[in-house]
Amino acid sequence: MYRFQFLKLILVSFLLTGANAGSGTKDFLRKFNTYNEVCLGMGFKGNNCKRGERDVISFHARTASNLSNLGNNAVVAFGKVTENSGSAYNGKTGKFTAPQDGVYSFTWTILTTSGKIFNTNIVLNDNSKILGYNHVDGRSGSNTYLSGSATAIIKMKKNDKVWIKTNGKDGEYAYGTWSSFSGFKLS
C-alpha cells in the first residue's frame, strides 16, 4: 500500500513540476490533464488516483441450499451473494449482466455426493452458446463427495448475460454453500 502511494506521489510530482518546469496556468493544466488521463487509464474513477475508487466489477455467490433434481437445462441460481461490486450479478435469476464491454473471467465449483451427478455449462445470452463445461459425476464408484471447478474467459458486450445451467437433465444433487459461482472484469 505504501509503495503504491509513494509511486503515485512521484508520478504526481513529476507531472506537476515536470523535468523542465514551465510556468503559467496553461502548463499546469496540461500536466494536470495528463495526470487525469493516467488515472483513468489505470481504471480509477473521476479525476483522481485514490486507492479503492476504481470501477470494480466482481461477484461471488454460493447456492443458498442444496439443489436437487433440477430440470432440463435449468439455470443454476447461486442465491447467497457474498460480493457484488458493480451490482452485475442477480442472485434471484442466477444471471450476470455485463455493465460494460470487456473481457470477464468466470469460475464455478460444484460439489456432489456419491451416486449423484451434477453437470453444468456456462452460457452466453442463450442456451445455444455454451462456452464451458463442468462435469461432476459421483456415480463412478466413489464413496465420498466429488467436486469439479471450471473457468471461462469471455469477451462480452454491455448487457450481455452469462449464467450456469444444467447440462441436460444432469442436475441431480449439488451441496448448498459448497457450490459457488464468481466472476470479475479483466479488461
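**Note on a predicted model**

1. Ile 153 lies in strand E9 (residues 146-156). Strands here are DSSP runs of at least two residues, numbered from the N terminus. This is a predicted model: local features need pLDDT of at least 70, side-chain atom pairs count only at pLDDT 80 or more, and totals for chains, interfaces and linings use all residues. Residues are numbered from 1 along each chain as its sequence is written, and side-chain values use heavy atoms, without hydrogens or water.

2. Ile 153 has a relative accessible area of 52%, so Ile 153 is exposed. Exposed means over 50%, buried under 20%, and partly exposed in between (1.4 Å probe, protein chains only).

3. Now the aromatic rings. Rings of Phe, Tyr and Trp (its six-membered ring) pair if their centres lie within 6.5 Å; planes under 30 degrees apart count as stacked, over 60 as edge-to-face and the rest as tilted. By this rule there are twelve aromatic pairs. In one, the rings of Phe 59 and Tyr 89 have centres 4.6 Å apart and planes at 5°, so they are stacked. Phe 59 is in strand E1 (residues 58-62) and Tyr 89 in strand E4 (residues 89-90), so the pair ties together parts 30 residues apart in sequence.

4. How accessible are these two? Phe 59 is buried at 3% relative accessibility. Tyr 89 is buried too, at 5%. Tyr 173 and Tyr 175 form an edge-to-face pair, 5.1 Å centre to centre with 90° between the planes.

5. Ring pairs also build a cluster. Its members are Phe 59, Phe 78, Tyr 89, Phe 96, Tyr 104, Phe 106 and Phe 181.

Technical notes: Helix = DSSP H or I, 4+ residues; strand = E, 2+ residues; numbered from the N terminus.
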